[in-house]
Amino acid sequence: MTMRLDYLSIFPGYFDVLDISLLGKAVDNGLVEVHAHDLRDWTHDRHRTVDDTPCGGGAGMVMKPDPWGEAFDGIIGIEPDPSVHVIFPTPSGIPFTQSAAQELSTVERVVFCCGRYEGIDHRVIDYARTMWTVHELSLGDYVLNGGEVAALAITEAVVRLIPGFMGNPESLAEESFSPGQERLLEYPLFTRPVSWRGMDVPEVLMSGHHGRIAEWRREESLLLTRDRRPDLTD
Ligand SMILES: CN1CCN(Cc2ccc(Cn3ccc4ccc(-c5n[nH]c(N)c5C#N)cc43)cc2)CC1
């Protein structure tokens with residue numbers, strides 16, 4: 001299966017980065033195809049206007065619905081198709097999780113709608129919900145300037161789960177936050193040299209005793225999780 005990824009944004013250049021690193025390999029291997037679109041291509045005025053003042057007053061600007069609607073018609077089509085998943089990154093979205101990434105990794109077509117300013121006219125989201133499967137997702141409780149960085153993060157989390165993408169699929173199953181995994185943070189990692197600037201790799205890791213190593217790693221994960229993410233131990 002090839003996953004088609006579309007990105008709608010007034011900064012389509014954000015997505016040039018998808019041509020490099022592992023994601024670039026996924027494109028070369030035909031696992032994903034990536035299409036970035038400039039929302040301003042669906043404006044008709046000289047200034048290529050995509051925003052206007054908020055109805056009801058308030059600070060900042062809101063993205064006009066018209067360019068989004070015309071872009072949807074051109075990129076996705078005018079017929080409803082629930083197999084198309086449309087993602088609106090937004091501060092008011094549902095927190096994006098590994099299980100959401102897992103679900104999205106089986107989808108054949110994903111369209112990211114990257115807002116800017118104070119957000120997108122809500123009728124765009126309401127319209128999209130009548131046509132496709134819509135996800136309003138948030139990366140976390142902090143404020144970004146737009147949806148592009150979130151779209152890149154969601155893309156990386158999803159694409160790496162596509163069968164055939166990662167060389168060693170077993171490593172995915174062991175990762176924190178993977179379904180079925182106990183929700184623990186990763187233990188500390190070490191590699192050569194064994195001694196570096198007066199600090200040594202923990203002896204147990206050099207013992208070759210797999211049982212003791214597994215025990216040490218679990219204990220470290222438990223300590224770290226209890227210290228940094230007590231919410232995961234509920
Ligand atoms: C009246 N006021 C009341 C406060 N709001 C809050 C607000 C709304 C938008 C923006 C900027 N922005 C525009 C599109 C867009 C998409 C995603 C994100 C985003 N931020 N953080 C995440 N985890 C994100 C994700 N994913 C931010 C975005 C900033 C602040 C404005 C209106």
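This short talk walks through a predicted model of a protein chain with a ligand.

Some ground rules. Residues are numbered from 1 along each chain as its sequence is written, and side-chain values use heavy atoms, with hydrogens and water left out. Because the model is predicted, local features need pLDDT of at least 70, side-chain atom pairs count only at pLDDT 80 or more, and totals for chains, interfaces and linings use all residues.

Start with the whole chain. The C-alpha trace spans about 70 × 40 × 35 Å along its principal axes. There are seven helices and nine strands. Those are DSSP runs, numbered from the N terminus: helices are H or I with at least four residues, strands are E with at least two. Of the 234 residues, 40% count as buried. Buried means under 20% relative accessible area, exposed means over 50%, and partly exposed is in between, with a 1.4 Å probe and protein chains only.

Now the ligand. Where does the ligand sit? The space taken by the ligand is the largest pocket. A pocket here is found on a 1 Å grid over the protein atoms alone: an open set of points where a 1.4 Å probe fits, with protein on both sides within 12 Å along at least five of seven lines. Lining residues have an atom within 4 Å of a point. A molecule sits in a pocket if more than half of its atoms lie within 2 Å of its grid points.

Strands S5 (84-95) and S7 are the elements that give two or more residues to the shell around the ligand. S5 supplies the largest share, three residues.

Which residues come nearest? Of the 18 residues around the ligand, the answer is Pro-89, Glu-118, Gly-140, Tyr-142 and Leu-144.

Next, polar contacts, meaning pairs of N or O atoms within 3.5 Å. A backbone N or O atom of Leu-144 is 3.0 Å from a nitrogen atom of the ligand. For a polar backbone atom of Leu-139, the distance to a ligand nitrogen is 3.3 Å. For one of Leu-137, it is 3.4 Å. On its own, the ligand has 660 Å² of accessible area, and the protein covers 71% of that. Those areas come from the Shrake-Rupley method with a 1.4 Å probe.

Look at the loop between S7 (133-138) and helix H5 (148-159), where Gly-140 lies. Tyr-142 is in the loop between S7 and H5 too. Why is Tyr-142 called partly exposed? Because its relative accessible area is 46%.

Last, some backbone geometry. Most residues other than glycine have a negative phi, and most peptide bonds are trans. Tyr-117 has a positive phi, near 55°. Tyr-117 lies in the loop between strand S6 (109-113) and H4. Arg-48 also has a positive phi, about 55°. Arg-48 is in the loop between S2 (32-38) and S3 (51-52). The peptide bond from Arg-192 to Pro-193 is cis, with omega near 5°.

Conventions
A residue is near a molecule or strand if one of its heavy atoms lies within 4 Å of it. A polar contact is a pair of N or O atoms within 3.5 Å; within protein, one must be able to donate a hydrogen and the other to accept it, and residues adjacent in sequence count only if both atoms are side-chain atoms.
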